[in-house]
Amino acid sequence: MSEIIRLHQVGKRYDSFQVLQGIDLSVEQGEKIVICGPSGSGKSTLIRCINRLNPHDTGTITVEGQDVSTRAGGDHVRREVGMVFQNFNLFPHLTVLDNCTLAPMKVRGLSRQDAEALAMKYLGRVHIGSQAHKKPGQLSGGQQQRVAIARALCMSPKVMLFDEPTSALDPEMVGEVLEVMTELAGDGMTMLCVTHEMGFARKVADRVVFMDAGQIVETASPAEFFDNPQHPRTRAFLSQIRH
């Protein structure tokens with residue numbers, strides 16, 4: 001495997017609040033990393049810094065060797081890194097199909113015919129092809145999140161970032177989204193996933209990264225993380241959740 005993402009001493013501040021401090025993280029191609037920790041620990045900010053939704057203040061972030069803070073690096077991230085949000089972020093006035101074809105046509109320069117063929121491929125991949133001509137408001141939350149995953153896949157990304165993709169879903173819809181994510185992981189997609197779904201972390205992750213107060217406190221394999229956590233803060237966190 002080769003390194004695809006590197007964060008070196010990354011920091012991010014909002015006014016007087018230090019959200020991230022001294023973050024060092026390397027991600028190999030094909031690796032699945034789950035990022036967990038208490039609310040406010042900087043997890044979502046970390047992955048949003050990778051794709052430049054929240055520009056970092058200090059340190060460096062590179063994707064395939066390109067510094068994301070440069071114009072060329074920022075363009076590269078937008079092309080090669082897919083993002084799935086908590087609240088779907090679909091365009092409500094567009095059909096599912098049009099939500100999926102917009103970026104490939106605008107950014108990749110695909111024809112409508114090719115973009116629609118690609119969209120139908122990935123809508124089928126997430127088991128929702130029959131809903132292609134509906135508007136997002138006509139779908140359940142779980143269906144909308146699967147559309148959001150398909151939309152990201154339509155850009156043929158090399159990395160997928162997930163920001164608590166199940167947190168806005170009703171409990172009975174969580175499983176269908178996690179199933180799709182598990183299938184993606186099985187296909188070898190490089191994934192960074194912020195989630196509280198510890199069963200998913202046990203099953204899918206190559207590494208679990210635990211954050212607290214804007215810092216990476218512990219990184220370990222799922223077996224080590226859940227069964228033999230080293231840091232007192234990690235042990236306290238795990239004692240309060242089911243896994």
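The crossing of helices α5 and α6 is right-handed (left-handed applies if the near helix is turned anticlockwise from the far one by less than a right angle, right-handed if clockwise). The model is predicted, with local features needing pLDDT of at least 70 and side-chain atom pairs counting only at pLDDT 80 or more, while totals for chains, interfaces and linings use all residues. Residues are numbered from 1 along each chain as its sequence is written, and side-chain values use heavy atoms, leaving out hydrogens and water.

Helices and strands are DSSP runs numbered from the N terminus (helices H or I, at least four residues; strands E, at least two).

| Pair | Axis distance | Crossing angle |
|---|---|---|
| α5 (residues 141–153) and α6 (residues 171–186) | within 8 Å | roughly 20° |
| α3 and α4 (residues 112–125) | 9 Å | about 125° |
| α3 and α5 | within 8 Å | roughly 25° |

Axes are lines fitted to C-alpha atoms, for helices over the stretch in contact, and angles run from 0 to 180 degrees between N-to-C directions. Angles under 35 degrees count as roughly parallel, over 145 as roughly antiparallel, 65 to 115 as roughly perpendicular and the rest as oblique.

α5 and α6 are therefore roughly parallel to each other. In their contact (heavy atoms within 4.5 Å), G141, G142, Q143, Q145, R146, I149 and L153 of α5 meet M173, E176, V177, V180, M181 and L184 of α6. The residues of this contact comprise 7 nonpolar, 4 polar and 2 charged. Ala, Val, Leu, Ile, Met, Phe, Trp, Tyr, Cys and Pro count as nonpolar, Asp, Glu, Lys and Arg as charged, and the others, Gly among them, as polar.

α3 and α5 are likewise roughly parallel, given their angle, and therefore fall in that class. α3 passes α5 in a right-handed crossing. On the α3 side V96, N99 and C100 take part, meeting V147, A150 and R151 of α5. This contact has 4 nonpolar, 1 polar and 1 charged residues.

α3 and α4, by contrast, are therefore oblique to each other, and their crossing is right-handed. Residues V96, L97, D98, C100, T101, P104 and M105 of α3 meet R112, A115, E116, A119, M120 and L123 of α4. By class there are 9 nonpolar, 1 polar and 3 charged residues in the contact.

The largest pocket holds about 560 Å³ of space. Its lining consists of 21 residues, with R78, V81, M83, A103 and M155 nearest the centre. Elements giving two or more residues to this lining are α2 (71–80), β6 (81–84), α3 (96–106) and α5. The lining divides into 12 nonpolar, 4 polar and 5 charged residues. On a 1 Å grid over the protein atoms alone, a pocket is an open set of points where a 1.4 Å probe fits, with protein on both sides within 12 Å along at least five of seven lines, and lining residues have an atom within 4 Å of a point.

Terms used: Grid points are joined across faces, edges and corners, and a volume is the space filled by probe spheres set on the points.
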